Amino acid sequence: MTYTALLLSLIFVCIPLLLSKTLKLGLERDTLIATFRSIVQLLAVGYILKSIFEANSYIYIFLMVALMIIVATLNARKKGAGIKGITWKIALTLVMIEIVTQGVLLGFKIVPATAQYIIPISGMLIGNSMVLSILFLNRFTAEITSHKDQMELILSLGGSPKQAIHRQLINAIKASMIPTIESQKTIGLVQLPGMMSGQIIGGADPIQAVQFQLLIIFALLTTATLSSIMIGFLSYPALFNERMQLLEMK
C-alpha cells in the first residue's frame with residue numbers, strides 16, 4: 001500500500017465526522033483525536049518493530065512485551081479503581097498469561113522463537129486479556145453494588161467472604177468470557193479474523209493463514225479463561241476486612 005492510498009482511506013474518517021456533525025452527536029473531537037493517535041502510534045510502532053525484527057535481540061523482545069503489559073495494566077486498572085491492589089493483580093495476570101501461552105508455543109516449537117512471531121502474538125493475547133479484564137471488572141463491580149444487601153446477609157448469617165461473593169464472582173467471570181466464546185462460534189462464517197485476512201491480503205496461502213488463525217483462537221480461549229478467573233480470585237479478598245465485613249467500593 002502506498003501513502004497516497006493510505007491518505008485516500010481517510011474518507012472512512014470523514015464519513016463519521018460528517019454524520020456526527022449533521023446529527024449533532026458531539027463526537028467530532030473524539031474521532032479526530034482517535035484518528036490522530038492511531039496514525040502516530042501505529043507508525044511509531046511500525047518503525048520500532050522493523051528495528052527489533054532486524055536486530056532479533058531477546059532483550060528488545062522482552063522490553064517490547066513488558067511495555068505492552070504495562071500499558072495494558074494501566075488501562076485496565078481504571079475499571080477496578082475501588083479494589084485494593086488491583087494494579088499488581090492485573091499485571092500478575094498478564095504476566096502469567098504471557099508465560100503460559102508463550103511457554104506452550106515456544107516450548108513445543110509451534111512457532112519459531114523470533115521477534116516476528118513472539119511480539120505480534122503477544123500483542124494479540126495481551127490486548128485481548130486487557131479487554132477481558134475490563135469487561136470482568138466492570139461487571140464484577142456492578143454485581144457487588146447491586147447485590148450488596150444479599151452479600152451482607154450471608155455474612156451476617158455466618159457465611160464466609162467466599163460464600164458471600166461466589167454468585168457475583170461467577171456471574172462476572174461468565175459475562176466476560178461469553179463474547180470470546182460467542183465470536184468464535186461464527187468465525188469464518190460471519191467474519192474473517194484480522195490476522196487471517198492480513199496474511200491473505202499479504203499473499204499468504206489461505207490454508208496457512210487459517211492454521212495460524214486457529215492457533216490464535218485456541219490461545220485466546222486460554223487467555224479468556226485465565227484473565228477472568230485469576231483477576232477474580234485475586235481481587236475478591238481485598239473487598240473484605242479482617243473481620244470478614246464487606247468494604248465500601250470507592
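Analyst: Start with one term: a polar contact is a pair of N or O atoms within 3.5 Å; within protein, one must be able to donate a hydrogen and the other to accept it, and residues adjacent in sequence count only if both atoms are side-chain atoms. This is a predicted model, where local features need pLDDT of at least 70, side-chain atom pairs count only at pLDDT 80 or more, and totals for chains, interfaces and linings use all residues. Residues are numbered from 1 along each chain as its sequence is written, and side-chain values use heavy atoms, with hydrogens and water left out.

User: Which backbone oxygen lies 2.7 Å from a polar atom of the side chain of Thr-101?

Analyst: That of Ile-97, at 2.7 Å. The cut-off for a polar contact is 3.5 Å.

User: Why is Thr-101 called buried?

Analyst: Buried means under 20% relative accessible area, exposed over 50%, partly exposed in between (1.4 Å probe, protein chains only). Thr-101 has 6% relative accessibility, so Thr-101 counts as buried. Thr-101 lies in helix α5; helices (H or I, at least four residues) and strands (E, at least two) are DSSP runs, numbered from the N terminus.

User: Why is Lys-24 called exposed?

Analyst: Its relative accessible area is 75%, so Lys-24 is exposed. Lys-24 sits in the loop between α2 (11-23) and α3 (28-55). Its phi is near 55°, a positive value in a residue other than glycine.

User: How confident is the prediction, and where is confidence lowest and highest?

Analyst: pLDDT is the predictor's confidence in each residue, from 0 to 100. The protein's mean is 90, and 98% of its residues reach 70 or more. Confidence is lowest in helix α9 (residues 194-201), at a mean of 76, and highest in helix α5 (residues 86-107), at 95.

User: Which residues does Thr-101 touch, not counting residues up to four places away in sequence?

Analyst: Leu-125 and Thr-223. Contact means heavy atoms within 4.5 Å.
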